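Please look through the structure shown below together with its sequence. The report that follows takes up a pocket, a helix and some backbone details in turn.

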Amino acid sequence: MLQTFVVGLGRAGAELHLPILLRARESGEHPRLFDPGPVIACDTSAPESAPAGVVVAGSIAEAAARLEPIRAVVHLCTPPTSRPTLLAELADHGFRKIIVEKPLATSITDLARLSELRQRRWLDLVVVAQWQSSALTQRLEDLVRGGQLGPLRRISVAQHKSRFRRSLASAGHPTAFDVELPHSVGVALRLAGRAELVDSGATDLVSEGRTRIGLGGAWLTLQHGGGVRTEITSSLTSPVRERRITLSFDGGEAVGHYPVSADDHHAQLSVRTPERVVNLSFPDDSLTAFLLHTYRRYQRQAPSTTSLVLQCEVVRLLAEAKARAGLTEPEPPLIPPARTAELPIHVG
């Protein structure tokens with residue numbers, strides 16, 4: 001049975017991962033998956049109190065003394081800019097099974113460091129990419145692969161929400177490219193294959209007399225090898241929350257809406273052709289599905305079924321988009337494109 005160690009009690013750790021884990025443990029539906037001992041958490045800025053069933057340790061070293069690192073699953077829910085240092089510390093204490101919140105890295109330089117660390121310390125890294133486990137994504141892929149609507153021509157994604165407080169309070173996510181776009185770029189690559197950046201841009205967040213460069217919103221355009229074009233926009237100052245994806249085919253259109261909050265895990269899909277319109281709604285608790293799938297793979301000690309090549313490509317494209325938008329300096333490639341498939345990191 002697997003133990004749980006959550007590093008970082010910000011929104012991702014305290015409001016997303018922990019509630020899902022506690023519900024799964026208490027449901028009784030997974031009797032041999034989770035160790036009955038308490039969930040251990042660690043965050044130097046967290047309050048001393050914690051939810052029932054959670055013990056807060058003062059450091060990674062203290063947590064390691066309470067756990068058996070070889071059978072513990074670490075949820076690394078800290079901002080992406082601190083990843084290499086924390087992963088090295090976790091490896092020093094014997095932790096190997098590590099679920100990393102998206103994005104995997106915010107630069108090619110950090111991605112290279114993570115890749116080298118993973119190989120040298122034998123880390124089994126999994127990136128949180130719940131849209132890859134989404135029922136909506138699977139239905140969209142079925143439409144693309146099935147060919148009922150003809151060839152796919154265009155993907156359009158809108159990811160909008162209000163994020164003033166967190167953007168002003170923390171620099172953990174340096175730009176708007178690092179907040180929502182890792183989800184949608186990954187889905188676009190899954191549906192339409194490898195792509196190259198065509199153009200990108202960003203806006204600043206201005207509020208309360210303060211300005212955060214590149215955190216107001218972001219957009220990018222991708223050209224896929226098969227001819228499909230993807231356009232993604234994300235506003236972090238929008239008063240309306242939306243996660244909408246539109247696939248345009250020769251014979252029709254599919255418009256999907258991913259769940260926008262933990263209040264209601266339902267997705268919606270509208271498939272439109274000249275003859276008819278079909279509207280569907282269905283449960284889509286993708287983060288729960290993603291975490292349970294990952295725990296089961298860790299328990300079986302099975303090899304990953306999906307290569308992290310996809311997530312490394314997401315980092316590459318977003319790094320290029322940030323540079324083109326003038327937010328960072330251009331970086332050299334991690335490895336030649338022809339060798340991308342050899343990246344020795346995996347995602348569950």
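## The largest pocket

The largest pocket is lined by 47 residues, and those nearest its centre are R11, A12, L16, E101 and R166; a pocket here is an open set of points on a 1 Å grid over the protein atoms alone, where a 1.4 Å probe fits and protein lies on both sides within 12 Å along at least five of seven lines, and a lining residue has an atom within 4 Å of a point. Two or more lining residues come from each of helix 1 (11-26), helix 6 (164-169), strand 11 and helix 8 (286-300), and helix 1 gives the most, with seven residues. The space in this pocket is about 1,000 Å³, a volume being the space filled by probe spheres set on the points, which are joined across faces, edges and corners.

## Basis of the description

This is a predicted model, in which local features need pLDDT of at least 70 and side-chain atom pairs count only at pLDDT 80 or more, while totals for chains, interfaces and linings use all residues. Residues are numbered from 1 along each chain as its sequence is written, and side-chain values use heavy atoms, with hydrogens and water left out. Helices (H or I, at least four residues) and strands (E, at least two) are DSSP runs numbered from the N terminus.

## Helix 5 and its buried face

Helix 5 (residues 135-146) has twelve residues and reaches 16 Å from its first C-alpha to its last, close to the 16 Å expected at 1.5 Å a residue, where the expected span is 1.5 Å times one less than the number of residues. Its residues L136, T137, L140, E141, L143 and V144 are buried, that is, under 20% relative accessible area with a 1.4 Å probe and protein chains only, whereas exposed means over 50% and partly exposed lies in between. Seen down the axis of helix 5, these buried residues fall within an arc of 155°, so they line one face of the helix; the arc is taken from the directions from the helix axis to the C-beta atoms.

At the N-terminal end, S134 caps helix 5 through a side-chain oxygen 3.0 Å from the backbone nitrogen of L136. Just after the helix, G147 takes a positive phi of about 75°.

## Backbone details in loops

Most residues other than glycine have a negative phi, and most peptide bonds are trans. W122, in the loop between helix 4 and strand 6 (124-127), has a positive phi near 55° and is exposed, with a relative accessible area of 69%.

Notes: Polar contact = N/O pair within 3.5 Å; in protein donor to acceptor, adjacent residues only side chain to side chain.
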